[in-house]
Amino acid sequence: MSTAEVGGRTLVDKIWDQHVVAELGDGLDVLHVDRHLVHDVTSPQAFTTLAERAVEVLSPELTFGSPEHSVTILSGRTEESNDLSRKFVPLLRRNFATHGLRLFDIDSPEHGIVHVIGPELGLTLPGATVVCGDSHTCTNGGLGALGFGVGTSELALVLATQSLLQRRPQMMRITFTGALAPGVEPKDLMLDAIARLGADAGAGCAIEFAGPAIVALSVEQRMTVCNLAVELGAKIGLVAPDDVTFDYVANRRFAPTGALLDDAIEHWRGLVSDPDAVFARQIELDAAAVAPQITWGTSPAHSIPVDGPVPDPAQAPNENTARQWEQALAYMDLQPGQSLEGLPVEWVFIGSCTNGRLSDLEAAAAVARGRKVSGHVRALVVPGSRAVQRAAEGRGLDRVFIDAGFEWGEPGCGLCPGLGGVTLEPGDRCVSTSNRNFVGRQGIGVRTHLAGAATAALAAIKGAIADVRGN
Amino acid sequence: MDAFTVVRGPAAPLMLPDVNTDVISPGHTGKGSLALSAFAPIRYLPDGRDDPSFVLNRDRFRGAPILLAAQNFGCGSSRESAVWSLRALGIRCVIATSFGDIFFGNCFQNGVLPIVLDETVLGSLAAEAAEGAPVEVDLTASVVRSPLGARIPFTVDPLRRRQLLEGLDDLDAGLLRRDEIRAFQHADRALRPWIYQVSDAGTSLPLG
């Protein structure tokens with residue numbers, strides 16, 4: 001069954017093999033989907049396709065949804081708060097009702113970003129295949145699930161058949177040795193890795209993240225790491241499940257309980273790469289050498305240590321990259337060799353499927369506590385879900401942020417894709433804990449600097465990009 | 001879905017690495033249709049006029065059915081509108097040194113052929129095509145014919161190739177397998193019951 005005829009199997013091989021409904025030859029498999037998570041913006045045409053072909057959803061009990069892309073993220077929001085949500089939220093609700101699917105609606109206590117609520121509700125499980133019409137579905141890999149994004153046509157296929165036609169990916173493993181230095185977040189670890197390896201390093205691959213620096217992370221932090229696998233070019237990123245994972249899963253709302261959970265854990269313990277597993281590519285990186293990161297350009301690969309210089313296109317590895325860097329510098333209004341420390345910013349966004357979980361908000365609150373947001377900055381803290389929001393409020397984090405002058409928002413994707421009922425103006429500079437600094441993503445002409453939660457919070461306080469070490 | 005057999009015409013070189021789907025199909029343009037929004041961040045000047053330095057704004061490449069690109073074309077978001085945007089511009093084939101995985105898959109669902117070529121081979125093809133001379137992409141023979149007549153073979157998954165030639169997407173094939181998939185689920189339920197018994201404990205425990 002496995003492609004690894006010589007040597008052992010990887011973690012991904014083991015999960016993959018359990019999901020093959022049929023082998024179609026030439027490496028293409030019909031792959032079963034255990035959990036289908038659906039959001040508001042990429043799903044409407046898939047439901048239209050079902051209607052046109054008069055097809056029912058094959059496994060409604062394995063399908064879950066949340067309206068999270070279009071919704072306003074400001075306090076007091078309703079679905080009427082912006083034009084997009086006024087259209088997409090009722091549409092998702094109608095489609096879900098038609099097919100009898102479970103929706104975590106905008107005002108429900110379970111609402112949130114799909115990649116945040118899947119794990120926290122116990123829907124995402126180790127060894128499960130998780131699919132969503134969203135490229136950051138790889139986030140679920142933090143629990144040892146095989147999660148990946150699909151387009152709208154494939155989304156219709158999953159609704160209709162609970163399966164996909166997939167080619168087994170190449171196997172890649174990135175081992176992080178050492179331990180993160182104080183003040184350095186998992187986000188920094190990954191931005192540094194993407195800058196070193198390139199935004200296409202994982203193309204065609206499933207990446208297993210391993211090593212002591214990964215094992216030491218919480219499940220939430222592992223999700224941040226896996227979330228950014230797609231920014232390395234890999235559709236799939238995951239961490240082998242361990243006791244930390246099993247403790248996280250136990251007692252989640254939809255997770256197995258009792259004897260069923262015991263059986264599941266016994267099964268999940270086998271989900272590790274064999275010692276002689278064959279990887280197409282193996283890379284080792286030193287986590288201890290990573291400094292807090294900030295991006296200077298328009299690709300997540302354009303990341304530098306916060307105290308480092310902006311690179312010079314004259315030093316680019318090839319002509320195409322030199323041109324890309326020149327265009328990025330022009331768009332970002334930066335000069336080669338410049339330091340980003342002290343660069344004034346107008347916006348700070350803390351949230352998203354990358355950094356919208358409780359541990360991220362705690363890291364940001366630790367920086368914000370007892371301080372004030374700079375007068376010229378608008379800073380938004382947006383919990384990734386209602387559960388994150390409740391937990392944060394239970395710990396008084398909302399007061400920390402509000403007292404410091406941050407806005408405490410409502411769950412949703414928000415500023416990550418330039419939505420959420422907030423409009424940034426051309427030329428605005430935003431430090432964002434999201435995952436993409438692409439040209440125009442947060443709005444036409446908006447300049448995005450990606451960073452971790454602590455670095456973003458500090459930028460709000462200082463009114464400029466600054467180094468969390470010693471600040 | 002439209003079938004793909006032979007496409008012939010100018011091949012526009014957009015030789016930037018990492019052209020992402022937010023650039024191909026931006027969320028914010030104020031431009032309306034997919035055809036007008038496509039590539040907006042690199043296609044228009046700040047005043048809204050066409051940027052003459054953008055390759056598809058050059059007369060010889062307007063309406064070109066083939067796009068030449070560098071590495072990691074279509075990286076980023078899963079949005080299928082990236083492929084719909086290419087179709088709206090009349091593009092049926094993208095030739096690059098590598099692609100974003102999700103975009104690559106989306107192409108086959110929309111009658112667009114993504115071809116991976118070696119950097120050197122792609123470089124020579126781009127040089128030959130630079131003045132707008134027609135390139136021919138022949139999926140029936142799995143070969144690209146350059147303006148000067150060079151024959152460049154390419155590989156594509158046999159099943160994907162057949163689907164494109166016949167104009168079938170995955171849904172057409174998948175619907176025929178629903179019984180097989182139900183049988184898989186029945187057997188799998190005995191092996192991994194926790195996947196199928198999704199019971200609601202009714203309460204959400206606090207995080208942390």
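1. A:C416 touches A:S352, A:S434 and A:N435, leaving aside residues up to four places away in sequence. Contact here requires C-beta atoms, placed from the backbone, within 7 Å. This is a predicted model: local features need pLDDT of at least 70, side-chain atom pairs count only at pLDDT 80 or more, and totals for chains, interfaces and linings use all residues. Residues are numbered from 1 along each chain as its sequence is written, and chains are lettered from A and ligands numbered from 1 in the order in which they are written.

2. A:C416 sits in the loop between β17 (407–408) and β18 (429–432) of chain A. Strands (E, at least two residues) and helices (H or I, at least four) are DSSP runs, numbered from the N terminus. Why is A:C416 buried? Because 28 other C-beta atoms lie within 10 Å; the cut-offs are 20 or more for buried, 12 or fewer for exposed, and partly exposed in between, with C-beta atoms placed from the backbone.

3. The largest nonpolar core has 213 residues. Such a core is a set of buried Ala, Val, Leu, Ile, Met, Phe, Trp, Tyr and Cys residues joined through C-beta atoms within 7 Å. A:V348, A:A364, A:A457 and B:L68 touch the most other members. Helix α16 (residues 453–462) of chain A supplies the largest share of this core, 8 residues.

4. Contacts of A:A364, beyond four places in sequence, are A:I350, A:V381, A:A453, A:A454, A:A456 and A:A457.

5. The centres of domain 1 and domain 3 of chain A, over C-alpha atoms, are 27 Å apart. Domain bounds come from an automatic or database assignment. Their contact takes 23 residues from domain 1 of chain A and 24 residues from domain 3 of chain A.

Key. Two residues are in contact if their C-beta atoms, placed from the backbone, lie within 7 Å.
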